[in-house]
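Reader: Could you walk me through this one before I set anything up on my side? I would like to go piece by piece and ask as we go.

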Amino acid sequence: MKMGNVLVSLDVGTMKTSIVVAEAIESGLVIRSFASVESSGVIRGSVVDIEKARKPIADAISQASRCAKLRLKQAIVTLGSPLMNSISMHSIADAPQKNSVFSHSHILSILEDARKISMPEGIRIIDCEISSLTIDGKPISGEIGRETFSRVEADIMVFVAKEAVIENLKSAVEKSGLEVIGCIPSSIAAAEALVAKEDRCSGVALLDIGAGKSDMIIFENMCPRYHVCVPFGGENVTHDIMVGLDVTHREAERLKLKYGCAMEKMIPKDAKIDVPNIHGSGKRAIEHRYLAAIMEARLEEIFALLKKKLQEKGVSLFGTGLNSKIIVSGGTAMTPGIVELVERVFNLKAEVRLAASGSNVPDAMKTHDYAVAFGAICVFLERLMTIRRIDATRSKIATMLTKVKNRLLQKL
Ligand SMILES: Nc1ncnc2c1ncn2[C@@H]1O[C@H](COP(=O)(O)OP(=O)(O)OP(=O)(O)O)[C@@H](O)[C@H]1O
Ligand SMILES: [Mg+2]
């Protein structure tokens, strides 16, 4: 296998670090290896201790590298953190000449221009995504490359983050032996893996509830339009159980995974569970509903905060524009009752989707651990295809990969 065709992506999360290695071939992607290990040195999705974060990243890389029998060199990283923000930008461009056909190369130029906008000190652009596109005042209809235009207008979602957050992640990965060639927002990556094109077209929200952060991205007409993130997730639920039941952190996590529920009323009134005493030996019986009440309170608060942030951004989709559903993902989405709670807070249909499906995804990779890392590889492949559409010379995949790196990934 030529190293030029290998794509590597790393999802360094609060609880787990996952890596996926794939090979880009003419017909698509072939997964070569994947690994997931427990993270350290990461708080609420951001690397805060480079040395601590480095070890699990290096372990994940060496497992994946051994399994794929490849020496890995470069990786795309994903970032999902409340310290990452999205800002909207509007761009207007006139056609270079009369009867110009609107093509992918025009989209690429719009994105390249967006990447050049200057940022306040200490803030850097991670990635840019088109969130709406009109030519001569009309939304693009049909296939790109057929309609002539005289003016194109685009809304662009520019993902930005504090320099320190990007630098810490980059350092932790580079000290583990891989050069970072680009960064993709984790919600964009997760959506690529988990949300079908039809759903993105009709309007859908993807809610990723991780360990240290929860974020939500909303798609309309195929494009990402809004993104919000709050610094709370499953780890806060565990912490509340620890305090509320007076147990150790480890025991609180065990109770959550074994008996957890996001809706108090789903637990029978007289059900009891045994909880070990924190001091000394022995155990006591507590009402199972009490555990669920603690979890429900925290999760409901997280959802209410996300909803408030969306409302602050002027999102009016709840009950109107978004006619489909909320897809719930991330480790905390495995909590029983989560769908019912999401539906109650957002007043929309919800469903849980944890893992990417598809014939090229090995069964062992069909867990929530790999959704973001796999999605990032798919985003990369999609960008590769864009370059291919633009590139009349039909260069070899390795050459296109270089072009993607140069033109469709932000230099960090
Ligand atoms: N079966 C389960 N029921 C409830 N919660 C679960 C279950 N399995 C895992 N979790 C929780 O999911 C969280 C981990 O989710 P995930 O792997 O998506 O986090 P992460 O990607 O590392 O973190 P983040 O995206 O916030 O940086 C933990 O809080 C864990 O307790
Ligand atoms: Mg995550």
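**A loop residue, then the ligand shell**

Author: Asparagine 221 sits in the loop between strand 15 (214-220) and strand 16 (223-230), where helices (H or I, at least four residues) and strands (E, at least two) are DSSP runs numbered from the N terminus. The model is a predicted one, in which local features need pLDDT of at least 70 and side-chain atom pairs count only at pLDDT 80 or more, while totals for chains, interfaces and linings use all residues. Residues are numbered from 1 along each chain as its sequence is written, and chains are lettered from A and ligands numbered from 1 in the order in which they are written.

Reader: ok, and what is phi of asparagine 221 near?

Author: Phi of asparagine 221 is near 45°, a positive value in a residue other than glycine. Most residues other than glycine have a negative phi.

Reader: Is asparagine 221 buried or exposed, or something in between?

Author: Asparagine 221 counts as partly exposed because it has 14 C-beta neighbours inside 10 Å. The scale calls a residue buried if 20 or more other C-beta atoms lie within 10 Å of its own, exposed if 12 or fewer, and partly exposed in between, with C-beta atoms placed from the backbone.

Reader: Which loop holds arginine 44, and what is its phi near?

Author: Arginine 44 is in the loop between strand 4 (42-43) and strand 5 (46-47), and its phi is near 45°, again a positive value in a residue other than glycine. Arginine 44 has 21 C-beta neighbours inside 10 Å and therefore counts as buried.

Reader: Switching to the ligand: how many residues surround ligand 1?

Author: The number is 24, and the closest are Gly13, Met15, Gly210, Gly234 and Gly331; a residue is near a molecule or strand if its C-beta atom, placed from the backbone, lies within 6 Å of it. The elements that give two or more residues to this shell are helix 6 (234-245) and helix 7 (249-259).

Reader: And how do the residues of that shell divide by type?

Author: Four are nonpolar, 15 polar and five charged. Here Ala, Val, Leu, Ile, Met, Phe, Trp, Tyr, Cys and Pro count as nonpolar, Asp, Glu, Lys and Arg as charged, and the others, Gly among them, as polar.

Reader: At what angle do helix 6 and helix 7 cross?

Author: Their axes come within 8 Å and cross at roughly 110°, the axes being lines fitted to C-alpha atoms, for helices over the stretch in contact, with angles that run from 0 to 180 degrees between N-to-C directions. Helix 6 and helix 7 are therefore roughly perpendicular to each other; angles under 35 degrees count as roughly parallel, over 145 as roughly antiparallel, 65 to 115 as roughly perpendicular and the rest as oblique. The crossing of helix 6 and helix 7 is right-handed, a term used if the near helix is turned clockwise from the far one by less than a right angle, with anticlockwise giving left-handed.

Reader: What about helix 6 and helix 8?

Author: The axes of helix 6 and helix 8 come within 9 Å and cross at roughly 140°, so helix 6 is oblique to helix 8. Helix 6 passes helix 8 in a right-handed crossing.

Reader: Where is leucine 305, and how far is its C-alpha from that of phenylalanine 232?

Author: Leucine 305 lies in helix 8 (residues 288-312), and the two C-alpha atoms are separated by 9.6 Å although leucine 305 and phenylalanine 232 are 73 residues apart along the chain. Leucine 305 is partly exposed because 15 other C-beta atoms lie within 10 Å.

Reader: Which helix is mostly covered?

Author: That is helix 4 (residues 186-194), where nine of its nine residues are buried, including Ser186, Ile188, Glu192 and Leu194.

Reader: And where is tyrosine 370?

Author: Tyrosine 370 is in the loop between strand 20 (349-352) and helix 11 (371-390), and it counts as buried because it has 28 C-beta neighbours inside 10 Å.

Reader: Last one, what domains does the assignment give?

Author: It gives domain 1 (84-162) and domain 2 (234-298), with bounds that come from an automatic or database domain assignment. Taken over C-alpha atoms, 49 Å separate the centres of domain 1 and domain 2.
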